Amino acid sequence: MTDSGGVAIVGCGWAGHKHADAFIAEGARLRWAVDVDPLRAAGVAALQPGARQATSLEEPLSDPAVNMFDVCVPHYLHAETCLAAIAEGKDVLCEKPLAPSLADADRMAEAAEEAGTLLMVAENECFNPMYREIASLLAAGVIGEPALVQATRECYLRESFVHDRRWFLSRDAAGGGILLAGAVHDFAKLRMMLGEVVVLHSLRARQRFAEMEAEDTVVTVLGFEGGAVGTLVESFFMIDPTTTTGAEVHRLRIDGDKGSIEVTAPQRLRVTTLEAEKEVTVTLEDTFRAEIREFLTCVASRREPATSARAQRRNLELVEAAYASIASGQPVRL
Ligand SMILES: NC(=O)c1ccc[n+]([C@@H]2O[C@H](COP(=O)([O-])OP(=O)(O)OC[C@H]3O[C@@H](n4cnc5c(N)ncnc54)[C@H](O)[C@@H]3O)[C@@H](O)[C@H]2O)c1
């Protein structure tokens with residue numbers, strides 16, 4: 001653990017806890033746990049001896065021992081919290097989505113560039129060894145040129161999940177539904193594996209999750225720069241024996257002109273060609289830990305993070321394009 005510098009975690013809910021565990025496991029010093037709910041702040045502060053708690057940003061912002069801010073608050077607070085930290089010269093890690101709007105995300109990225117601070121999006125899917133393995137198999141031409149992509153994000157938001165997160169159901173506080181909360185992840189990982197999305201057409205299904213103000217289910221047809229096309233099916237209201245336990249199911253299959261790659265289990269891939277079928281086991285690791293290791297490495301070396309605000313901008317652009325497509329009923333070219 002290093003004595004110079006340390007992190008203030010703002011928002012001590014589910015993500016704040018995961019991040020605090022990861023910072024500590026990676027040898028960083030947790031200096032402050034900040035939450036409007038003092039009990040939540042205390043819960044995270046208790047994870048490291050000497051960590052202090054606060055219900056507002058003032059003290060952590062002015063603490064010279066804090067060089068990093070980690071923002072894990074509801075979406076509508078991302079921009080103002082990050083901008084406050086950037087204004088004090090702190091390096092910032094912010095949970096996805098960077099902001100509910102591209103305009104805010106751009107303001108944040110510009111502020112960080114002007115201040116010379118790092119602004120990294122905590123896009124943990126980009127650190128998932130499964131998707132990195134698929135990216136290298138595709139780059140190696142194992143299935144030839146990708147032509148068809150089928151991806152799903154299947155969730156069922158149980159009452160126990162939304163009970164402590166009423167903000168997640170509000171359009172104003174969350175900024176959107178499955179597109180803003182889920183598609184940012186899926187666009188990030190699909191782009192990492194298959195290159196840029198250049199056209200999309202989104203359709204919103206009939207709403208079934210009545211408590212949620214924004215969209216609960218969307219199907220998006222995607223066109224990639226390399227010529228592949230795909231479907232992305234995402235829902236917060238999929239009832240089946242797995243999702244109703246709270247687990248999310250992320251399916252993925254990519255077909256090329258020489259074969260296919262399919263995720264068959266969280267750790268397993270099946271690579272099929274006309275000649276052979278091969279099961280590949282991928283060694284997983286905690287993606288939160290991997291992303292926080294990247295952040296700490298970049299803070300120390302002043303390198304641009306793999307998931308910097310600039311690098312992740314396109315995901316929000318695609319989310320806005322998907323909303324525009326739903327509104328107009330037309331495909332959107334980017
Ligand atoms: N990468 C992932 O897989 C993943 C998973 C879950 C959540 N997230 C993201 O993490 C962020 C937080 O989500 P969550 O599920 O942890 O929500 P949460 O509701 O569990 O936690 C948010 C916390 O912020 C606190 N808070 C609210 N206003 C505040 C303020 N003004 N100052 C300080 N604290 C304040 C709340 O009291 C709460 O404890 C969101 O951006 C969400 O999208 C990412």
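The radius of gyration here is taken over C-alpha atoms, and the globule rule is 2.2 Å times the number of residues to the power 0.38. For 334 residues, that rule puts a compact globule near 20 Å; the protein chain has 20 Å, so the two agree. The C-alpha atoms fill a box of roughly 60 × 40 × 40 Å along the principal axes.

A word on the source. This is a predicted model: local features need pLDDT of at least 70, side-chain atom pairs count only at pLDDT 80 or more, and totals for chains, interfaces and linings use all residues. Residues are numbered from 1 along each chain as its sequence is written.

Next, the overall make-up. The protein chain has 11 helices and 15 strands. These are DSSP runs, numbered from the N terminus: helices are H or I with at least four residues, strands are E with at least two. Of the 334 residues, 45% count as buried. Buried means 20 or more other C-beta atoms within 10 Å of the residue's own; exposed means 12 or fewer; partly exposed is in between; C-beta atoms are placed from the backbone. Contacts put two such C-beta atoms within 7 Å. Of the contacts with a separation of 6 or more, 68% join residues 24 or more positions apart.

Now the domains. The bounds come from an automatic or database domain assignment. Domain 1 is 7-122 + 288-305, and domain 2 is 125-286 + 317-333. Their centres, over C-alpha atoms, are 26 Å apart. In the contact between them, domain 1 gives 13 residues and domain 2 gives 14. On the domain 1 side, helix H10 (residues 287-301) gives the most, with 5 residues. That side has 8 nonpolar, 1 polar and 4 charged residues. Ala, Val, Leu, Ile, Met, Phe, Trp, Tyr, Cys and Pro count as nonpolar; Asp, Glu, Lys and Arg as charged; the others, Gly among them, as polar.

On to the core. A nonpolar core is a set of buried Ala, Val, Leu, Ile, Met, Phe, Trp, Tyr and Cys residues joined through C-beta atoms within 7 Å. The largest one has 95 residues, and Met-108 is among those with the most contacts inside it. Helix H9 (residues 178-194) supplies the largest share, 12 residues.

Two residues to look at. Beyond its neighbours within four places in sequence, Met-108 contacts Ala-79, Cys-82, Leu-83, Leu-98, Ala-99, Leu-119 and Ala-309. Leu-190 sits in helix H9. Leu-190 is buried, with 26 other C-beta atoms within 10 Å.

Nine strands form an open, mixed sheet in the order E14-E13-E12-E11-E7-E10-E9-E8-E15. Strands pair if DSSP finds at least two bridges between them. E14 and E15 (332-333) are the edge strands, each pairing on one side only. E11 (residues 249-256) and E12 (residues 259-265) run antiparallel, joined by 3 bridges. There, Arg-253 stands opposite Glu-262.

Which strand does E13 (residues 268-273) meet through 5 bridges? The partner is E14, and the two run antiparallel. They form a hairpin with 3 residues between them. Val-271 has Lys-278 in E14 as its bridge partner. And is E14 buried or in the open? Of its 5 residues (277-281), the number buried is 0, so E14 lies largely in the open.
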